Amino acid sequence: MQLIKTLIIAATALVSLSSSVLAADPKLNAFKTAKAVQFCKDSGLLRANGTQIRSGFCSSTVQGEIPDVTKMTSTLITFPRNGGSVTAGKNFTVKVLVKNLATGFFSDPVNDYYDLPQQLNRNGIIEGHSHITIQKLDGDKVPEATIFAFFKGLNAKADGGLLTQVANIPIPGLYRICTMSSSFTHQGVIMPVAQRGAQDDCIRFNVRR
Ligand SMILES: [Cu+2]
């Protein structure tokens, strides 16, 4: 117990130290990178290699550049409407409004998955893209993350903050559509503070016969 307490105090001290004066010290950054690499060496998991390893892996990519609180990513799905409906087997256009995400930055997901830190553009906005994922709901059963009716990375540049994607759901039912905002190499966006609005949106809608 004493050891754990000592470790927590040491960790807290390290955090306050690193977040204040030493953040820009290249030697400390090298030290942190070395620590991250060592962390993955010590982990029993496969090392990340830029591919999507389905059995899980250990990444030593640093989190990277994190925006100012006034530039945190925020998203709203405007179509389908929450509680609205579309017709089964008929194309519809999902509309996503996104704020504070410089879209159109989309790395090759086959070879460059999670392999670069989050980066900001010269205006301090995260460079990345969003995704939409649509899942069928079954009462209060938590959906399986491996099962989805539709998925698409939104690789195009937003037009006035608007991202669109044509989708088609053949089977009627209640569905959930969510966005997943990410940086260039597909990792979820990283924000400067914990207490904030969500970077993503989810809505529920009906697919009718
Ligand atoms: Cu992606």
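Two residues are taken to be in contact if their C-beta atoms, placed from the backbone, lie within 7 Å. By this criterion, 73% of the contacts in the protein chain between residues at least 6 apart in sequence join residues at least 24 apart. The model is predicted; local features need pLDDT of at least 70 and side-chain atom pairs count only at pLDDT 80 or more, whereas totals for chains, interfaces and linings use all residues. Residues are numbered from 1 along each chain as its sequence is written.

The protein chain comprises 2 helices and 9 strands, assigned as DSSP runs (helices H or I, at least four residues; strands E, at least two) and numbered from the N terminus. From the N terminus on, the elements follow the order α-α-β-β-β-β-β-β-β-β-β. Of the 209 residues, 21% count as buried (20 or more other C-beta atoms within 10 Å of a residue's own, with C-beta atoms placed from the backbone).

Helix H2 (residues 26-42) contains 17 residues and reaches 24 Å from its first C-alpha to its last, close to the 24 Å expected at 1.5 Å a residue (1.5 Å times one less than the number of residues). Because the number of buried residues among the 17 of H2 is 0, this helix lies largely in the open.

An open sheet is formed by 3 strands in the order E1-E3-E6, with antiparallel pairing; pairing requires at least two DSSP bridges between two strands. Strand E1 (74-79) and strand E6 (162-167) are the edge strands, each pairing on one side only. Strand E3 (residues 92-99) pairs with E6 in the antiparallel sense over 6 bridges, and Val-94 has Gln-165 in E6 as its bridge partner.

Methods. Buried ≥ 20, exposed ≤ 12 C-beta atoms within 10 Å, placed from the backbone.
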